[in-house]
Amino acid sequence: MTTQFDQVSVITRANVYFDGKCISHTVLFADGGRKTLGVIFPSSLTFSTGAAERMELNAGTCRVRLEGETEWKTYTGGQSFDVPANAKFDIETLELLDYVCHFL
C-alpha cells in the first residue's frame, strides 16, 4: 500500500463530487503522472472513468460492481481494484472510505 509520495505538487483546490459525498485532491508527479487522494462518505454512487484506474483503499469498506458485471465484490483497507478506461462502476461505501486513485 502507498503510504507517502515524495517530491510532488498538490493542487490545493478540492475535487468535490456527489454533493460532497466524495472529496479528493490531485497529486502531480514530475513525470507527468497524477493521482488523487480522497475520501468517500457512506453512500451509493456511480462513477465514470476516462483513463483506466486502480483504486487503492487505505481504510474503510466498500462494495463495487464494475460495468457489465452482476456481482458485487467487497473490498477493505489494504486492498485495491482496477477499473478499465471509459467505463462505469457502482460503489457502495459502508463506512468512510480513504483511498488513492492511480491513473494507469
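**Salt-bridge tour**

Start by selecting aspartate 90: this residue is buried, at 16% relative accessible area (buried is under 20%, exposed is over 50%, partly exposed lies in between, with a 1.4 Å probe and protein chains only). This is a predicted model, where local features need pLDDT of at least 70, side-chain atom pairs count only at pLDDT 80 or more, and totals for chains, interfaces and linings use all residues. Residues are numbered from 1 along each chain as its sequence is written, and side-chain values use heavy atoms, leaving out hydrogens and water.

Aspartate 90 forms a salt bridge with arginine 65, their closest N and O atoms 2.8 Å apart (a salt bridge is a side-chain nitrogen of Lys or Arg within 4 Å of a carboxyl oxygen of Asp or Glu). Aspartate 90 sits in strand β10 and arginine 65 in strand β7, so the pair ties together parts 25 residues apart in sequence. Strands (E, at least two residues) are DSSP runs, numbered from the N terminus. Arginine 65 is partly exposed, at 26%.

Now select glutamate 92 and arginine 63. They form a salt bridge, with the closest N and O atoms 2.7 Å apart. Glutamate 92 is in strand β10 (residues 88-93) and arginine 63 in strand β7 (residues 61-66), 29 residues apart. Glutamate 92 is partly exposed at 22%; arginine 63 is partly exposed at 27%.

Last stop: arginine 54 and aspartate 82. Their salt bridge has its closest N and O atoms 2.7 Å apart. It links strand β6 (residues 53-59), holding arginine 54, to strand β9 (residues 80-83), holding aspartate 82, 28 residues apart. Arginine 54 is partly exposed at 32%, and aspartate 82 is partly exposed at 38%.

The count comes to three salt bridges.

Definitions and conventions
Helix = DSSP H or I, 4+ residues; strand = E, 2+ residues; numbered from the N terminus.
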